[in-house]
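The exercises below concern helix packing and sheet order. Work through each task before reading its solution.

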Amino acid sequence: MANAPNLDGHLPAIASIRASVLLSVVAQLDRQTGKTDMLLAGHGLLRSQLEDAYGLIPMARYIAVFEDAAVHAGDPVFGARLGSTFRPADIGPIGMLFALSATIHAALARMARHVAVVQGATGIGVVDEDDRVTWSYRLEDPRLWPRRQDAEYSLAATCQLVRGCFSARWNPVEVHFEHGAPVDAGELRRLFRCPLLFGQSANRIVVARADAERVYRSEDRDLIAILERHVADIREKERRAPGFAEQVRALIGIYLGHKPITLTSVAAELGLSARTLQRRLAGEGLCLRDLVRAQRQAIAAHQFSAGAGPSKARLAEALGYADSTVFWRARKAWDRQGP
């Protein structure tokens, strides 16, 4: 992640995605491997984090979990296969807008316009050409690699949305992938039902213009307006620049259990010196150690109240402790100190 360009501007958008997007991955892993919690813990995630429909997780973790999921499942086309079961409700109001659209073109355009509500740092667009319409999808950070599973999942899910909302017999003209060709692309060709091109500059679905412009239904303009307003409200809320303490808490939430959280590391992310970070937190009556402790307490309290959470060892790892003994000592200290 790039450092903040100045001291007074708000924290640059951390490439993130709705945590709930991983729920389908988790459900599939539960059915196939029984090693889901181990996989999540290995990437500093807890199952409970995925239950918040508006919660966010770093895009890098999402991509890594998806790649590892394919390995754990022993299925190279894990993402594409999962995408082929996608439903409009899986992306909330955006999926509903897609399903209410009169044409495939309008549906793809609405998805492109509102994708930031679901995930950040993603380029999605619709390009009109002579006899075709091209929908493109690409994660903007080149460091998020490999990302084959996300690409194949996203394109398969979009094709499934078109088939489910417009015509089950529809097929793309072509599908393009930025990653290289797999050893065997037969299953991918079966799922997409069209020619596949690999090593392209972006991931794309090419639609015949006649298919894209065909009118399938009359739009319910009042309902669409309500959904558009809801999506706009979500985006507006997230555009508001967070306060300084909220920026620090966001970084703690992202790196807890994933990398050491120190004055130096957090200050570097904010484009500050460690001394300046310490001074600015002190000005708000805070210190980094207490913020980290509060975050750990909140997560631990939720897990213990939920009952069937991860083991103490897994929870200790997710909270950034060396082992469960260190975690247990910290918890006793919390009890003495109070909230």
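**Exercise 1.** How are H3 and H7 oriented to each other?

Solution. The model is predicted, so local features need pLDDT of at least 70 and side-chain atom pairs pLDDT 80 or more, while totals for chains, interfaces and linings use all residues. Residues are numbered from 1 along each chain, and side-chain values use heavy atoms, without hydrogens and water.

Step 1. Helices (H or I, at least four residues) and strands (E, at least two) are DSSP runs, numbered from the N terminus. Axes are lines fitted to C-alpha atoms, for helices over the stretch in contact, with angles from 0 to 180 degrees between N-to-C directions.

Step 2. For H3 (residues 59-73) and H7 (residues 148-165), the axes come within 8 Å and cross at roughly 90°.

Step 3. H3 and H7 are therefore roughly perpendicular (65 to 115 degrees; under 35 is roughly parallel, over 145 roughly antiparallel, the rest oblique).

Step 4. Contact (heavy atoms within 4.5 Å) joins H3 residues, including Phe66, to H7 residues, including Tyr153.

**Exercise 2.** In what order do the five strands form the open sheet?

Solution. Step 1. Strands pair if DSSP finds at least two bridges between them.

Step 2. The order is E3-E4-E7-E5-E6, with mixed pairing.

Step 3. E3 (122-128) and E6 (196-197) are at the edges with a single partner strand each, so one side of each lacks a neighbour in the sheet.

Step 4. E5 (residues 174-176) pairs with E6 in the parallel sense over two bridges; Val175 is opposite Leu196 in E6.
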